[in-house]
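Thanks for coming, everyone. Let me put the structure up, and then we'll walk through it.

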Amino acid sequence: TVDSFNGCADRIEKAASPENMVAALSFAADEIDRVFPAMLEVSKSHPDWGKTPPPEIKPLMDEFDSSYDRFLVKGLAAAMKVANDNPDNAALQEAMGRVNTALYSR
């Protein structure tokens, strides 16, 4: 999940045009679909890890938190700005919708 989130953030950060952002968001939607089921299962199995992970898991949770912030907070905010700045770009709006569906349909 860490590698996936960082890969999504990399693509969003490098998207220099709405067309590049469409590709970045399409990749992100696919990655969310791929990693979220396992991520949610771990969250359900170990609900305390988010706030008080065991010492042996803490470094990984710190990496996860960093990648989460980079992609799901900062990256998607940047992507949303591009989508809002280009409301007539149907492909961009569709790609943003795919990401939202992947995130919030679970």
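One term to start: buried means under 20% relative accessible area, exposed means over 50%, and partly exposed is in between, with a 1.4 Å probe and protein chains only. By that rule F5, at 0% relative accessibility, is buried.

Some ground rules. This is a predicted model, so local features need pLDDT of at least 70 and side-chain atom pairs count only at pLDDT 80 or more, while totals for chains, interfaces and linings use all residues. Residues are numbered from 1 along each chain as its sequence is written, and side-chain values use heavy atoms, with hydrogens and water left out.

Now the core. A nonpolar core is a set of buried Ala, Val, Leu, Ile, Met, Phe, Trp, Tyr and Cys residues joined through side-chain atoms within 4.5 Å. The largest one here has 30 residues. F5, I12, M21, L25, F71, L76 and V99 touch the most other members. At least two core residues come from each of α1 (2-14), α2 (18-45), α3 (58-85) and α4 (90-104). Helices are DSSP runs of H or I, at least four residues, numbered from the N terminus. The largest share, ten residues, comes from α2.

Take I12. What is I12 in contact with, leaving aside its neighbours within four places in sequence? M21, A24, L25, F71, G75, L76 and A79. Contact means heavy atoms within 4.5 Å.

Next, the rings. Rings of Phe, Tyr and Trp (its six-membered ring) pair if their centres lie within 6.5 Å; planes under 30 degrees apart are stacked, over 60 edge-to-face, and the rest tilted. The structure holds five aromatic pairs. One of them is F5 with F64: tilted, 5.9 Å centre to centre, 40° between the planes. F5 lies in helix α1 and F64 in helix α3, so this pair ties together parts that are 59 residues apart in sequence. F64 is buried too, at 19% relative accessible area. Ring pairs also link F5, F36, F64, Y68 and F71 into a cluster.

F64 turns up again at the largest pocket. Its lining has 15 residues, and M39, V42, W49, M61 and F64 lie nearest the centre. A pocket is an open set of points on a 1 Å grid over the protein atoms alone, with protein on both sides within 12 Å along at least five of seven lines; lining residues have an atom within 4 Å of a point. The elements giving two or more lining residues are α2 and α3.

Last stop: E94, in helix α4. Buried or exposed? E94 is exposed, with a relative accessible area of 59%.

How values were computed. 1 Å grid on protein atoms, 1.4 Å probe; cavity = no way out; pocket = protein on both sides within 12 Å on 5 of 7 lines; lining within 4 Å.
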